[in-house]
Amino acid sequence: MSETTATRAVVVERDVPHPPEKVWRALTESALIAEWLMTNDFQPVVGHRFTFRMAPVANWNGVTDCEVLIVEPYTRLAYTWAASGESAATGLQTVVTWTLTPTPGGALVRMEQTGFRAQDENNYRGATYGWQQFMGRLETVLAGL
Amino acid sequence: MNLGVRATTDAVFKALADPTRRAIFEHLARDGELTVHVLTDRAGVSQPAVSKHLGVLKQSGLVRDRRQGRETHCSAQPQALAALVDWVTLHDAFWRDRFDRLETLLNRME
């Protein structure tokens with residue numbers, strides 16, 4: 001699929017004092033993923049289709065549709081991250097890529113979510129999984145004003 | 001940021017800076033459309049006070065209302081928050097939060 005418009009990305013990187021093998025488990029074992037990310041039926045198998053689920057909110061059913069793209073043990077993991085249900089055709093269609101790099105004290109964990117299109121902003125409904133967190137953050141920001 | 005956007009952003013911040021208005025907006029965002037009566041019951045302040053708060057929310061674009069018979073029905077327009085935050089910002093905040101949780105989990109794991 002060719003992208004004719006510029007897309008944007010989110011990159012979060014962190015040094016952790018844990019070996020890549022351990023981080024890999026947290027990224028690829030369904031029960032462990034659920035503890036820090038979301039309820040899921042992930043399997044580390046290329047082509048596996050799965051969902052992340054959160055409590056539904058207004059205008060959003062809480063489901064993210066995914067498909068595993070890359071599984072390179074202890075090094076790289078990638079899956080699609082897309083809107084589900086009735087907004088599947090027009091909503092968010094991004095790719096989340098995890099890269100683990102060994103460091104002397106542990107691992108550098110890098111998450112890159114690519115493919116945010118300008119048109120996604122037009123489809124923005126405000127009711128996403130970031131919504132509650134956003135309200136929490138907003139409260140903190142406002143408290144400091 | 002152009003002046004129009006800045007004005008919208010200021011209006012949204014001002015609207016949400018008040019805890020009662022924030023509570024009203026959160027009720028509407030979570031529960032969908034509600035009448036002024038129901039909102040008044042939940043807000044714990046007088047109906048004129050609620051109406052005044054709704055006026056500020058409406059002006060910021062965060063809330064829309066419609067009359068039906070004797071009732072005024074209000075609904076949240078969360079897309080107005082796009083003035084403050086976009087998808088990329090939201091996802092950035094989301095992943096930073098999840099990275100914190102990932103680290104907590106890693107610290108607990110063998």
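Two strands pair if DSSP finds at least two bridges between them. Strands are DSSP runs of E, at least two residues long, and helices are runs of H or I of at least four; both are numbered from the N terminus. This is a predicted model: local features need pLDDT of at least 70, side-chain atom pairs count only at pLDDT 80 or more, and totals for chains, interfaces and linings use all residues. Residues are numbered from 1 along each chain as its sequence is written, with chains lettered from A and ligands numbered from 1 in the order in which they are written.

**View 1. The open sheet of chain B.** Three strands of chain B make up an open, antiparallel sheet in the order S1-S3-S2. Strand S1 (34-35) and strand S2 (63-68) of chain B each have a single partner strand, so they stand at the edges and one side of each is left without a neighbour in the sheet.

**View 2. S1 against S3 in chain B.** Two bridges join S1(B) to strand S3 (residues 71-76) of chain B, in the antiparallel sense. Which residue of S3(B) is the bridge partner of B:Thr35? The partner is B:His73.

**View 3. The S2-S3 hairpin of chain B.** S2(B) and S3(B) pair over six bridges, again antiparallel. B:Arg64 has B:Ser75 in S3(B) as its bridge partner. Two residues lie between the strands of this hairpin. B:Gly69, in the turn, has a positive phi of about 60°. In a regular strand the side chains alternate between the two faces of the sheet.

**View 4. Helix H2 across the sheet.** Helix H2 (residues 19-31) of chain B lies across S1, S2 and S3 of chain B. H2 runs at about 80° to S3(B). Axes here are lines fitted to C-alpha atoms, for helices over the stretch in contact, and angles run from 0 to 180 degrees between N-to-C directions.

**View 5. The surroundings of B:Thr20.** Helix H2 of chain B includes B:Thr20. B:Thr20 counts as partly exposed because it has 14 C-beta neighbours inside 10 Å. The cut-offs are 20 or more other C-beta atoms within 10 Å for buried, 12 or fewer for exposed, and partly exposed in between, with C-beta atoms placed from the backbone. Leaving out residues up to four places away in sequence, B:Thr20 touches B:Ala43, B:Val45 and B:His53. Contact requires C-beta atoms, placed from the backbone, within 7 Å. B:Thr20 and B:Val45 are 25 residues apart along the chain, and their C-alpha atoms are separated by 8.8 Å.

Note on methods:
Two residues are in contact if their C-beta atoms, placed from the backbone, lie within 7 Å.
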